Amino acid sequence: MTQHYRITLLPGDGIGPEIMAVAVKVMQVVGQHLNLIFEFQEALIGGAAIDATGEPLPAKTLDLCKSSDAVLLAAIGGYKWDTLPRHLRPETGLLGLRAGLELFANLRPAKILPQLIDASSLKREVVEGVDIMVVRELTGGIYFGQPKGVFATETGEKRGVNTMAYTESEIDRIGRVAFETARKRRKQLCSVDKANVLEVSQLWRDRLTALASEYPDVELSHMYVDNAAMQLVRNPRQFDTIVTGNLFGDILSDEAAMLTGSIGMLPSASLGASGPGLFEPVHGSAPDIAGQDKANPLAQVLSAAMMLRYGLNQPEAADRIEQAVMKVLDEGKRTGDIMSDGMTLLGCQAMGEALVQALD
Ligand code: NAD
């Protein structure tokens with residue numbers, strides 16, 4: 001049966017349009033193989049939107065995104081817009097998009113590819129085989145809790161305050177995304193908190209434990225965040241899926257990602273309760289190499305694979321794309337950022353053509 005999906009493409013700025021073109025080509029090919037029809041609609045965001053409309057997230061863009069099955073973003077930003085007032089900056093457009101789509105769960109995989117193992121700053125025997133997914137709560141916790149601010153005390157001294165707060169329903173909804181994610185992987189979920197010190201973490205731990213009865217096929221464990229930070233560099237292979245709050249997740253997802261050592265290879269997903277998810281590479285718009293056919297399109301292509309797996313529930317299509325990426329790397333094909341001795345240097349477009357060949 002033919003499946004039909006409407007996908008909003010947000011190429012954005014810098015290398016965005018170059019890497020997006022590769023991801024679109026790859027999806028079209030995999031779609032033909034598996035009877036999936038993708039209807040792509042392109043919209044403006046970031047600097048490109050500022051230049052065309054005067055604002056970083058035009059209402060039309062948000063409407064198109066909301067009406068689609070999934071949103072694939074490349075990257076936003078560049079020197080040209082860095083001096084604009086904050087509400088007109090490209091980043092404001094991205095924050096507005098995340099808020100507008102009510103994306104509360106951020107999924108960041110950190111997978112060591114055997115072909116790129118030497119890009120890691122850790123020893124081969126420590127990182128070999130690492131395949132972790134960090135599920136981070138994105139819209140609650142200490143970044144949003146009230147009260148927040150800098151207040152004068154009775155003595156006139158200033159006091160800065162932020163509040164780490166989670167309601168049961170906020171914990172449950174991120175918990176469910178994490179259990180579902182673990183289910184699509186090796187079925188092990190480690191919840192990271194600081195329940196030995198923080199009451200909010202104790203509630204987090206209690207809710208995760210309660211939810212576990214709904215997912216008897218997933219094995220739940222708990223770990224304190226200080227230990228998790230240590231274990232990630234000591235023995236990262238012990239982790240499958242990690243779920244944690246906004247602050248701990250901010251730090252641990254970067255730590256886990258850097259086990260791989262190569263920013264041009266890292267995809268991410270942000271999901272809401274219903275409605276379309278947002279899928280994007282972790283890297284930025286790389287203005288230093290934009291327009292030179294030097295960008296690595298693989299993080300963008302792997303973001304498309306995440307979109308197929310977690311946004312459109314098409315694991316077979318995701319598998320095929322991920323296998324094509326592995327194949328081109330096995331063939332020794334590399335863009336400049338992941339180049340090493342004895343490998344073949346390709347530009348962004350040529351890497352796209354190699355992926356299409358690998359899919360065939
Ligand atoms: P960056 O990720 O764009 O670049 C950092 C370095 O990595 C650069 O040397 C760049 O050439 C290289 N690089 C990044 N992606 C690459 C790829 N796919 N292939 C090859 N090399 C790649 O980060 P930055 O330089 O700090 O920021 C540049 C702009 O991107 C800024 O305007 C920033 O605000 C924006 N930014 C956007 C996002 C996003 O869209 N989500 C994220 C981070 C930064």
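**Close-up views of a predicted model**

**View 1. Strand β11 is mostly covered.** In this predicted model, β11 spans residues 267–271, and five of its five residues are buried. P267, A269 and L271 point one way from the strand, S268 and S270 point the other way, and all are buried. In a regular strand the side chains alternate between the two faces of the sheet.

**View 2. β11 pairs with strands β4 and β12.** Strand β4 (residues 105–111) is joined to β11 by three bridges, and the two run antiparallel. In this pairing N106 stands opposite S270 of β11. β11 also pairs in the antiparallel sense with strand β12 (residues 277–281), over four bridges. Here S270 stands opposite L278 of β12. β11 and β12 form a hairpin with five residues between them. G275, in the turn, has a positive phi of about 85°.

**View 3. β1, α1 and β2 make a right-handed β-α-β unit.** The helix of this unit, α1, covers residues 16–34. Strand β1 (residues 3–12) and strand β2 (residues 36–42) run parallel and are joined by seven bridges. R6 stands opposite E39 in β2.

View 4. Buried residues of α6 are I171, D172, I174, G175, V177, A178, F179, T181 and A182. An α-helix has 3.6 residues a turn, so residues three or four places apart point the same way.

View 5. A polar backbone atom of A286 is 2.8 Å from an oxygen atom of the ligand. An oxygen atom of the ligand is also 2.9 Å from an N or O atom in the side chain of D288. A nitrogen atom of the ligand lies 2.9 Å from a polar backbone atom of N296. Taken alone, the ligand exposes 810 Å², of which the protein buries 67%.

**View 6. L355 is a buried residue of helix α12.** The helix covers residues 348–359. L355 has a relative accessibility of 1% and therefore counts as buried, the cut-off being under 20%. From C-alpha to C-alpha, L355 and G78 are 28 Å apart in space, and they are 277 residues apart in sequence.

Technical notes
Residues are numbered from 1 along each chain as its sequence is written. This is a predicted model: local features need pLDDT of at least 70, side-chain atom pairs count only at pLDDT 80 or more; totals for chains, interfaces and linings use all residues. Side-chain values use heavy atoms; hydrogens and water are left out. Two strands pair if DSSP finds at least two bridges between them. A crossover is right-handed if, with the strands pointing away from the viewer, the path from the first strand over the helix to the second runs clockwise. Buried means under 20% relative accessible area, exposed over 50%, partly exposed in between (1.4 Å probe, protein chains only). A polar contact is a pair of N or O atoms within 3.5 Å; within protein, one must be able to donate a hydrogen and the other to accept it, and residues adjacent in sequence count only if both atoms are side-chain atoms. Accessible areas come from the Shrake-Rupley method with a 1.4 Å probe; for residues, only the protein chains shown count as cover.
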